[in-house]
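Subject: Structure handover

Hi,

Here is the structure we talked about. Please open it first, then read the notes below.

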Amino acid sequence: MTLMGVTFMFSCAQVNGTMEKITSHAVRLAKGNTALIPLIIYFLIAAITTAGPGNIPTVVLMAPVCMALADRIGLSAFAMTLLVVGAADGAAFSPIAPTGIITNNIVEKMSGELGITMTTSFAWTIYAWSFIAQTLINFGGFFIFGGWKWMRAQKSGKVSIDDLAPKPDPMNPRQWVTVAAIVVLIVMVLFFGWDVGMTAFFLGAIFIVFTIADDEQAVKNMPWGSSSWWAECR
């Protein structure tokens with residue numbers, strides 16, 4: 001249920017265009033230097049995963065946008081896949097993401113046998129080492145399977161950022177509410193110890209009541225066909 005609530009909330013963010021605008025603004029940070037875009041995408045995906053939805057929903061929601069971007073900049077789909085999936089998996093052990101919560105509960109049950117004390121700082125340590133390991137492995141794969149060749153082909157890497165990622169329209173009230181809700185989720189879970197699933201369900205209910213997004217479409221966009229997602233929901 002935890003994963004379902006958070007997934008619905010971020011699916012709403014995708015449906016109402018919030019995630020697309022966040023991605024556009026992030027890509028524009030490259031200022032036309034296309035060689036920086038893979039790095040920006042990697043850390044954007046990691047940040048979204050860390051914020052709560054976990055690895056599977058993040059990939060499902062962000063992969064279409066990232067693949068379209070890869071096509072525009074001439075990066076192979078496989079290389080972009082390594083970045084998207086690698087970043088999401090690397091951040092999967094976030095203590096406020098469902099996957100991280102499940103892992104930390106298992107570690108806590110085994111803490112006596114392992115001779116460790118499960119604390120919040122230890123949970124973030126698990127997250128950090130996982131992220132570092134995944135980053136090294138995935139960027140290694142990225143460079144080997146076409147990324148390095150692509151980066152060298154960029155030469156100066158200067159293109160019109162407005163052609164690559166046109167400046168999006170200002171966020172509308174619904175999108176600002178969505179951003180605020182994501183911030184509230186992070187703050188309440190991190191600093192007040194609220195349950196991430198219940199908090200996400202509460203915020204999702206607000207989305208439905210005030211029509212922040214097309215809730216029917218948001219439900220359809222959730223990864224119902226993923227057996228791994230279903231296993232984590234149970």
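One term before the findings: helices here are DSSP runs of H or I with at least four residues, numbered from the N terminus. Also note that this is a predicted model.

The largest pocket holds about 430 Å³ of space. Its lining has 19 residues, and P95, I96, I101, N104 and T120 are the closest to the centre. Which helix gives the largest share of the lining? That is α6, with five residues. At least two residues each come from α6, α7 (120-153) and α9 (173-192). By type, the lining splits into 10 nonpolar, seven polar and two charged residues.

**N104**

N104 sits in helix α6, which spans residues 98-114. Is N104 buried or exposed? Its relative accessible area is 9%, so N104 is buried; the cut-off for buried is under 20%. Beyond neighbours within four places in sequence, N104 contacts P95, M118, A123 and I126. Of these contacts, P95 is also listed among the residues closest to the pocket centre.

**Annotated spans**

The unreviewed UniProt entry carries the annotation "transmembrane region" for residues 41-70, 77-102, 122-148 and 176-194. Two of these spans are worth a look in the model. Residues 41-70 are 90% helix and 0% strand, with end C-alpha atoms 10 Å apart. Residues 176-194 are 89% helix and 0% strand, and there the end C-alpha atoms lie 22 Å apart.

Best wishes

How values were computed:
Residues numbered from 1 in each chain as written. Predicted model: local features only at pLDDT ≥ 70, side-chain atom pairs only at ≥ 80, totals over all residues. Heavy atoms only, no water. Buried < 20%, exposed > 50% of the residue type's maximum accessible area, 1.4 Å probe, protein only. Contact = heavy atoms within 4.5 Å. 1 Å grid on protein atoms, 1.4 Å probe; cavity = no way out; pocket = protein on both sides within 12 Å on 5 of 7 lines; lining within 4 Å. Points joined across faces, edges and corners; volume = space filled by probe spheres on them. Nonpolar A, V, L, I, M, F, W, Y, C, P; charged D, E, K, R; others polar. UniProt positions renumbered as here; feature names shortened; annotations may be inferred.
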